[in-house]
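Hello,

Here is the structure we talked about, for you to open alongside this message. My notes follow below it.

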Amino acid sequence: MNKKKIFNDPVYGFITAPTELIFDIIEHPYFQRLRRIKQLGLTEMVYPGALHTRFHHALGAMHLMDTALQTLRSKNNEINDTEFEASLIAILLHDVGHGPFSHALETAIFKNVHHEHLSLHIMHLLNEQFGGRLSMAIDIFTDNYHRRFFHQLVSSQLDVDRLDYLNRDSFYTGVYEGKIGADRIIKMLDVANDKLVVEEKAIYSIENFLVSRRLMYWQVYLHKTVISAENMVLRVVQRARELMQRGVEVPASPCLRFFLSSDLAMEDFKQDKSILERFVALDDHDVWSGIKEWALHPDFILSYLAQSILSRRLFKVYISTKPIDKEMLLGLTELVQEKYNLSEEDVKYLMISGDIGNNAYDVEGQTIDMLTKSGYVVDVAEASDLPNIRALSYKVEKHFVCYPKEVAH
């Protein structure tokens, strides 16, 4: 069988699966499931083009990893073929543990089970199935490989994951201000003292990357209407879970019913392999078919939320840089309770408040290191003569409240 397949990607053109093992991983049902999980959850409610999937993103990130490693090799960094392949596998599988709607439902379907832990768990199972050939990829993914820069390419302040999703999300949403010069940044990468560095002449490309990242957060990922839609889906799934656990009949696919009717922790996944088999059968379609059925359910909260999501009657959102006034929250609580004749306990489903935050460059975390012309390695914030990078390191926090539009015009 010919395993030298080519994928035609709208962002980068042709992407190849460079080895047979990588082709076999892409063909595996665990990875194919990513075709049925949208990269940006409910962002399509605001940007109709945002229909791309985790599958697209994983292939794109693998392509950028390939380009980055070729660049490092061209600068006399020794990278053997096993390390090369392992790095591609690590980035290909970095999101394989995402559940339906990506981040939006992470807390509703499980309790304290993060997608990174599930990705690692799936990688271990694939490693068993492929006779231990993913061991180095797992070491790179978990930062246990002795050459640390490989992990930095997978996960850091300037990794190929971010380079792909900013490029891809800006392409599919049409928010062109988010487009970054990924090619130029990758061509400027090097390794110094076993750490990933960027040549000094790329400083403006890095600055543009950080500005684009902040812009994409506020304009796309944390757009107020997206916040409303995602919180409504979160609440409708939480309501379905609550009713199920109370013994009320709620229609759902067998896999979704299994997760909603039990509280599972990561330990459960490790002890019972059948749980993971159910998880990898779960995707966006399970949740959408649930929402369509819940729209006809006798429970008012469940059907109201489901109908509102299906017809895009999204909650009104108020966002503030200061914490929401307690009086305002109390007033809204009373209005919602009165209008829909709800118990105090149930108001939380129709009046949702919370916080959102973003810092484009986390100086507390791993830094982005610049390699100066004289051979010194300095933090990008030190190297830049522009004040922007320092400003981008401050975390911006905002507070929000969402509620049905009929409540208060």
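**Contact between the two domains**

There is one salt bridge between domain 1 and domain 2. It joins the side chains of D283 and R36, with N to O at 2.5 Å. Please keep in mind that this is a predicted model.

The domain assignment puts residues 5–222 in domain 1, and 223–264 + 280–312 in domain 2. Their C-alpha centres are 30 Å apart. On the domain 1 side 29 residues are in contact, and on the domain 2 side 27 residues.

The two domains bury about 2500 Å² between them, and carbon and sulfur atoms give 66% of that area. R36, M45 and F101 account for 24% of what domain 1 buries against domain 2, more than any other three residues.

On the side of domain 1 that touches domain 2, α5 (106–109) and α11 (203–221) each supply at least two residues. The largest share, five residues, comes from α11. By type, that side of domain 1 has 21 nonpolar, four polar and four charged residues.

One item from the records: the unreviewed UniProt entry annotates residues 54–166 as "domain: HD". In the model this stretch is 64% helix and 0% strand, and its end C-alpha atoms lie 13 Å apart.

Regards

Notes
Residues numbered from 1 in each chain as written. Predicted model: local features only at pLDDT ≥ 70, side-chain atom pairs only at ≥ 80, totals over all residues. Heavy atoms only, no water. UniProt positions renumbered as here; feature names shortened; annotations may be inferred. Helix = DSSP H or I, 4+ residues; strand = E, 2+ residues; numbered from the N terminus. Domains from an automatic or database assignment. Contact = heavy atoms within 4.5 Å. Buried area = accessible area lost by both parts, 1.4 Å probe. Salt bridge = Lys/Arg side-chain N within 4 Å of Asp/Glu carboxyl O. Nonpolar A, V, L, I, M, F, W, Y, C, P; charged D, E, K, R; others polar.
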